[in-house]
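Thanks for making the time today; I would like to walk you through a few places in one structure. Please have the picture open while I talk.

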Amino acid sequence: MLAAGTVTERIREEVSSQLGYTCSAGIAGNKIAAKLATGFNKPNGQTIFLPCVIDKLWSVTPVSKLRNLGGKFGEKLRGEYGIETVLDIRQHSRAFLIEHFGQRMGEWLHLISYGYCKDKVQMRDLPSGIGCSKTFPAGLSGRDVVGKWIATLANELSQRTVEDVSENNRFPSLLLLHCSVRKARGGSKSMPLHPPTGTADKEAIASFVAKKLSVDFIAVSCLQLYTQLGSPSHPQA
């Protein structure tokens, strides 16, 4: 792992010398812990999580920080099972986790609570967009209910988009809302976000992120787009 830290430092130096960018990095025994480690020394440093520090790290890491453990599932873990941090998962046995969450998720939860993860690091191109969606088989009734779910999805979209800006140094240019209705064709409305240009300074970038990528801005804008669609009744997605 220390050798990996040396190689990582050289890569960061090459990025800085050839491209002029600073970057942070995380080194750990699996990709989930390494991803968390990346955030400890931003914007120009690196962190190594040795196996001996995993217990201490997990004791202060909310379950919502881990991929797949946010949203309603994360709320269920906290509300019904008293699991606030990743370390809290160990309160429950492997058999208990599998019984309540299924073989695949139960096994994954058990392993990750002890710092093990079999997920492989895969090379992939960046997606062209970031989306959050939910399907409601029975539809939604009433503007207030629709607004509540828009706010919930806006929270997730804001977090993911801000993270994408930080990690990939790119900015969204369009906010789009799609809504489908039972036995009817879906409709879409969009609005431009006017992102910073390539020559924008740090202040302009910070202002864009704080305003246009905030939960409130996304939620209010999507509700306005929903209104422009005609506020369709009983939307399903």
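This is a predicted model: local features need pLDDT of at least 70, side-chain atom pairs count only at pLDDT 80 or more; totals for chains, interfaces and linings use all residues.

Where is V53 found? V53 lies in the loop between β2 (46-48) and α3 (54-59), helices being DSSP runs of H or I of at least four residues and strands runs of E of at least two, numbered from the N terminus. Residues are numbered from 1 along each chain as its sequence is written, and side-chain values use heavy atoms, with hydrogens and water left out.

V53 is partly exposed, because its relative accessible area is 30%, and buried means under 20%, exposed over 50%, and partly exposed in between, with a 1.4 Å probe and protein chains only.

Let me turn to K212, whose place is in helix α8 (residues 202-212). The side chain of K212 reaches the backbone oxygen of L193 at 2.9 Å. Leaving aside residues up to four places away in sequence, K212 touches L193, H194, F217 and I218, where contact means heavy atoms within 4.5 Å.

Finally, S180 is found in strand β3 (residues 174-181), and S180 counts as partly exposed because its relative accessible area is 21%. S180 and G102 are 78 residues apart in sequence, and their C-alpha atoms are 31 Å apart in space.

Technical notes: A polar contact is a pair of N or O atoms within 3.5 Å; within protein, one must be able to donate a hydrogen and the other to accept it, and residues adjacent in sequence count only if both atoms are side-chain atoms.
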